[in-house]
Amino acid sequence: MKPLVRNASLSGYVELSRSLGIDPRALMKRVGLDPVGLTVQDRWISGAAVVRLLELSAAAAHREDFGLLLAERRRFSNLGPISLVLREETDVRSAIAFLVRYEHMYNEMLHNRLTEADGLATLKVGFELTEPMSARQAVELAVGAFHQVLREFLGARWQPLSVCFTHPAPTDPSSHRRFFGPVVEFDQEFNGIVFYSSDLDVPNAMSDPLLRTYARQYFESIAVARDTSEPDRVRELIGALLPTGRCSVEQVAASLGVDRRTVHRHLAASGETFSSLLNATREELARQLVANPRRSLTDISGLLGFSAPSAFSRWFRERFGCSAREWRTRQVAEQYVVE
């Protein structure tokens, strides 16, 4: 199946699009993405859809620097749980090495490499594109985001020796020079950043030795292998699609860039079906949502992807053996007893 990326890869996309006078909702629907789903940063979406969205947005806004403008809005927190560890790494080298090693935790399309030779460090940014498509904006977003991370460690006045792109220069390179400085180059052999190796030895001023161990332990408890199982990827997508009311095997297949038969085949090989994963994911979410007395059952019905509260009620009784209201009352009572 095709690689996925976290929703956080589009952090700031809606605001940027509106500021440039284009309709983010319409453009997202064109590539099969749901604008509402962006509110959950840790959900996974189709990487190819994100690449296409950035290209469409750049064309609609008549801005060749769209990906770069999005990179300007990047923050450490957009990296998710990895950001907690990065802040506590002892120096720049260990932080960047960690970021490259666990790139699959935030973007399965990325394949980066950090090398050192003759006093120079080169961070090459690569993309795994499973189909022919233009990825100029996605590349500039990724390189720009890494540039932002390096500046977090090395200071706002830090500048690399060179920022390289394989694609041609834009008609107006002023945004690129403002963002990277006069060192940006186009029509190069790779996409990435070149800087002095000594920059990697700079101590991390944000690091707290007492917190570093805790940050590492927390991350190791949630870290996943690079080769995430197909059922896990389908579960992520089901969770993201349920609130949209469009959670179907066809929609999941479209997000993964395959057909429905391929999804069924991969799940069958793991002893699962789409229906079993859908119900298991709904059940997990239902336990969390129904236990919260501030949530109305009508709202929960919609968040779980049911077309009507009555359908949710029937499903809940079949799965839990009682009504949602009865289950909630029991949970609240048990919590009161414990307290």
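Start by selecting the largest cavity, which holds about 120 Å³ of space. The model is predicted: local features need pLDDT of at least 70, side-chain atom pairs count only at pLDDT 80 or more, and totals for chains, interfaces and linings use all residues. Residues are numbered from 1 along each chain as its sequence is written, and side-chain values use heavy atoms, with hydrogens and water left out.

**Cavities**

On a 1 Å grid over the protein atoms alone, a cavity is a set of points where a 1.4 Å probe fits but cannot get out, and lining residues have an atom within 4 Å of a point. Points are joined across faces, edges and corners, and a volume is the space filled by probe spheres set on them. By this rule there are 2 cavities of 30 Å³ or more.

In the largest cavity, select Leu33, Asp34, Ile45, Ala240 and Leu241, the closest to its centre of the 15 lining residues. Two elements give two or more residues to this lining, β2 (44-46) and α10 (230-241); the largest share, 3 residues, is from α10. Helices (H or I, at least four residues) and strands (E, at least two) are DSSP runs, numbered from the N terminus. By class, the lining has 8 nonpolar, 5 polar and 2 charged residues. Here Ala, Val, Leu, Ile, Met, Phe, Trp, Tyr, Cys and Pro count as nonpolar, Asp, Glu, Lys and Arg as charged, and the others, Gly among them, as polar.

Next, select Lys2, Pro3, Ala48, Met109, Glu128, Leu129, Thr130, Glu131 and Met133, which line the second largest cavity. That cavity contains about 40 Å³, and its lining divides into 5 nonpolar, 1 polar and 3 charged residues.

**The second largest pocket**

A pocket is an open set of points with protein on both sides within 12 Å along at least five of seven lines. The second largest pocket has a volume of about 470 Å³. Select Arg74, Leu79, Leu141, Ala142 and Ala145, which lie nearest its centre among 28 lining residues. β1 (4-6), α3 (47-61) and α7 each supply at least two residues of the lining, with α7 giving the most, 9 residues. The classes are 18 nonpolar, 5 polar and 5 charged.

**Nonpolar cores**

A nonpolar core is a set of buried Ala, Val, Leu, Ile, Met, Phe, Trp, Tyr and Cys residues joined through side-chain atoms within 4.5 Å. Buried means under 20% relative accessible area, exposed over 50%, and partly exposed in between (1.4 Å probe, protein chains only). Select Leu10, Leu33, Ile82 and Leu86, which touch the most other members of the largest core, a set of 66 residues. Helix α7 (residues 136-154) gives the most to this core, 10 residues. Apart from it lies another core of 33 residues, including Val234, Leu267, Phe274 and Phe306.

Return to Leu86 and show its contacts (heavy atoms within 4.5 Å). Beyond its neighbours within four places in sequence, Leu86 is in contact with Phe76, Leu79, Ala95, Phe98, Leu99, Phe153 and Asn204.

**Two loop residues**

Select His62, in the loop between α3 and α4 (66-71). His62 is not a glycine, yet has a positive phi of about 60°; at 71% relative accessibility, it counts as exposed.

Finish at Asp187, in the loop between β6 (184-185) and β7 (192-196). Asp187, also not a glycine, has a positive phi of about 55° and is exposed, with a relative accessible area of 54%.
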